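Entries follow in the order I made them.

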Amino acid sequence: MSDTQQVKMMVYAALMAALTAAGAYIAVPIGPVPIVLQNMFVLLTGLLLGSRWGLAGVGVYLLAGAFGLPVFAGGTGGIGRFFGPTGGYLLGYLPAVYMVGIVSEKTNRNAFFEVSAMIGATLLVYLIGVPWLKIAANLSWAKAMGLGMYPFLLGDAIKIAAAFAIIKAVRPVLGGLNS
Amino acid sequence: MSQLGYRHGNTIVHRFDVRLKILYLAVFSLISVHISWIGLLVLTMVIVAAVSVVRLSIVSLFRDFRYLGVLMIFVLAARSLSIPDHAFWRIDRLVFSHSGFMDGTIYCWRLTLITLMGVVMLASTRSSEIRAGIQWMLKPVPFIPEKKVGMMMGLIVRFIPVILNQVMETGQALRARGIEGRRNPFHRMAILGPPLLRRTFLQADRLVLAMEARCYTEHRTERPLSTTRLDWIGLVGLLGLSGMLLFVA
C-alpha cells in the first residue's frame, strides 16, 4: 500500500471511529425505546474498511473511550467502563468488526455472506458481553440474557437490515475501499 | 450537539496540561468505583465547578446527553433485579429490590460524573493537544504506533461535533420532506445513513488532499508539552483529593 493510500485509510478509519462515537448520540425510536446507532456503525466500518483498517478504527475508538473521551453509548467514557457490566460488549466490537471485514474481503462482498457475517458478529458481541454482564453484575444467566440481550435483538435485526441497505446505497458512490 | 467540542477560552481548566487532564479522567474513573456517596458528592462539586468555569450550559448538557438516561434505566433495572433485598416494586415474577435500586442510583451518578468530566476535557482542550498528550502517553507502550493513534484520536475529537452537526442538518432536511410521518425505524436508518456516510467520506477525501498538500508525514514537529506550577499544584490536588476520597470510602 502506498503512503497516500495509508494516509487515506488512516483518515477513513478515524472518521468511521468518529461516526461510531457520534452514533452513541444518534437515536432512532422503536416504540417508546430509542436505539443508538453505535453498533450499526461498527458493522459498517468492517464492511467499508475491511478487517485490518476496520479493526484499527474500532481499536482507536475504544482507546479514545478508555482515555475518558465521551464516545461510548449515551456519551459515557473512561477506563472504568471496560471493567463495568458493559465492558464485554465494548471489547466484543473488536472481533465483531474483524469478522465482518474478513468475510467481506474473502467472499468478494457477497451479499448473503455479508449479512451472515453481520448476524454472526452481533451474536459474537453478545457471546462476550452477556457472560461479562453476568459476572460483573452478579446476575443469573436468565436475568443476564433478559437484561443484556433479549430487549436488543429486535433493534439489532433492524440495524443489520439498515446496514445492508446503507452499504448497498453507498458502495457505488464510495468505490472499492476495502478491495 | 452544542456542548461537545472545544470551546475557546483561557480559564484555569484550559490552562492545565493535557496529560494532567487525562490523568484526572483516568484516576477519577477508576476511584469512582470504590468511593461512597459522600465521595461522589465531593467529586460532583469539583466537576460542577469545572463545568461552570468552562462555561458549559447545564440545560444544553441535559438535552445533548438525554440518551444517557435510557442507558441508566437499564442499569437501574439490572441492579434492582440482581441484588436481593426487600422488594419495592413487583412486575409479575420480576422483583425490584430496594438495595439494588440504591446501588444502581450510585452507579448512574458515577456514570454521569465520568461523562461530565469527558465533556469538560473536550471543551477545554484543543484536538492537537489531545493528540500530543495521547502520543506522549502511548510512547512507552510496545507494538502501538503512537503517532498514528494520536493522529487518529485527534481526528475523532475534531470530527465528532462536525458529524453531529451533519446529522442535525440531514435530520432537518428529512423532516422537511416528511420523515416524521414514517414510523418505521428501518426506513429512518436506511434514509439517514447514505447521506451521512457520503458526506463523511467526502470530508475525509478533502482532508487527505489537504494533508498531502501540506506534505503530511509522521515525522513532523510535535506540539510541545510543558508543565507549569499550576499543573504541579493540580497534581498535588489530584493526589490529595483521591487519597481523601478513598480514605472516606
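Entry: I started with A:Glu114, which counts as buried because its relative accessibility is 0%. The model is predicted, so I kept in mind that side-chain atom pairs count only at pLDDT 80 or more. What does the side chain of A:Glu114 meet in a salt bridge? I found A:Arg171, at 2.9 Å from N to O. A:Glu114 sits in helix α5 (residues 111-136) of chain A and A:Arg171 in helix α7 (residues 150-174), so the pair ties together parts 57 residues apart in sequence. I then looked up the cover on A:Arg171. It is buried as well, because its relative accessibility is 11%, and the cut-off for buried is under 20%.

**Entry: the other salt bridges.** I searched the whole structure and got three salt bridges over all chains. One of them joins B:Asp17 and B:Arg19, with the closest N and O atoms 2.9 Å apart. I checked both partners, and both B:Asp17 and B:Arg19 are buried.

I went on to B:Arg199 and B:Glu169. Their closest N and O atoms lie 2.8 Å apart, and the two form a salt bridge. B:Arg199 belongs to helix α9 (residues 185-213) of chain B and B:Glu169 to helix α8 (residues 146-176), so this pair ties together parts 30 residues apart in sequence.

**Entry: A:Thr76.** I placed A:Thr76 in the loop between α2 (38-66) and α3 (80-83) of chain A. It counts as buried because its relative accessibility is 1%. What does A:Thr76 touch, leaving out residues up to four places away in sequence? I listed A:Leu69, A:Pro70, A:Val71 and A:Arg81 from chain A. From chain B I listed B:Leu68, B:Leu71, B:Leu111 and B:Thr115. I also took a C-alpha distance: A:Thr76 and A:Gly65 are eleven residues apart in sequence and 7.9 Å apart in space.

**Entry: chain B overall.** I counted ten helices and two strands in chain B. Read along the sequence, the pattern is α-α-α-α-α-β-β-α-α-α-α-α. The C-alpha trace spans about 65 × 55 × 40 Å along its principal axes. Of the 249 residues in chain B, 47% are buried.

I looked at contacts next. Taking those in chain B between residues at least 6 apart in sequence, 75% join residues at least 24 apart.

Then I turned to surface and charge. Chain B exposes about 13,100 Å², and carbon and sulfur atoms supply 65% of that. It carries 29 positive and 14 negative side chains. The centres of the two sets lie 5 Å apart.

**Entry: a nonpolar patch.** Which residues form the nonpolar patch on the surface of chain B? I wrote down B:Trp37, B:Ile38, B:Leu41, B:Met244, B:Phe247 and B:Val248. Together they have about 640 Å² of accessible area. The elements giving two or more residues to this patch are α3 (37-53) and α10 (229-248) of chain B. I picked out B:Val248, which is found in helix α10. It counts as partly exposed because its relative accessibility is 41%.

**Entry: B:Val53.** I stayed with helix α3 of chain B, where B:Val53 lies. B:Val53 is partly exposed, since its relative accessibility is 32%. Leaving out residues up to four places away in sequence, B:Val53 touches B:Thr11, B:Ile12 and B:Val13. I also checked B:Val53 against B:Ser29. They are 24 residues apart in sequence, and their C-alpha atoms are 21 Å apart.

**Entry: positive phi.** I noted B:Arg55, which has a positive phi of about 65 degrees although it is not a glycine. Where is B:Arg55 placed? I found it in the loop between α3 and α4 (58-64) of chain B. B:Arg55 is exposed, because its relative accessible area is 66%.

B:Cys215 is exposed, with a relative accessible area of 60%.

Conventions
Residues are numbered from 1 along each chain as its sequence is written. Chains are lettered from A and ligands numbered from 1 in the order in which they are written. This is a predicted model: local features need pLDDT of at least 70, side-chain atom pairs count only at pLDDT 80 or more; totals for chains, interfaces and linings use all residues. Side-chain values use heavy atoms; hydrogens and water are left out. Helices (H or I, at least four residues) and strands (E, at least two) are DSSP runs, numbered from the N terminus. Buried means under 20% relative accessible area, exposed over 50%, partly exposed in between (1.4 Å probe, protein chains only). Contact means heavy atoms within 4.5 Å. Accessible areas come from the Shrake-Rupley method with a 1.4 Å probe; for residues, only the protein chains shown count as cover. Lys and Arg count as positive and Asp and Glu as negative; His and the chain ends are not counted. The place of a charge is taken as NZ of Lys, CZ of Arg, CG of Asp or CD of Glu. Patches are made of residues with over 30% relative accessible area and no salt bridge: like charges are joined within 9 Å, nonpolar side chains (Val, Leu, Ile, Met, Phe, Trp, Tyr) within 5 Å. A salt bridge is a side-chain nitrogen of Lys or Arg within 4 Å of a carboxyl oxygen of Asp or Glu.
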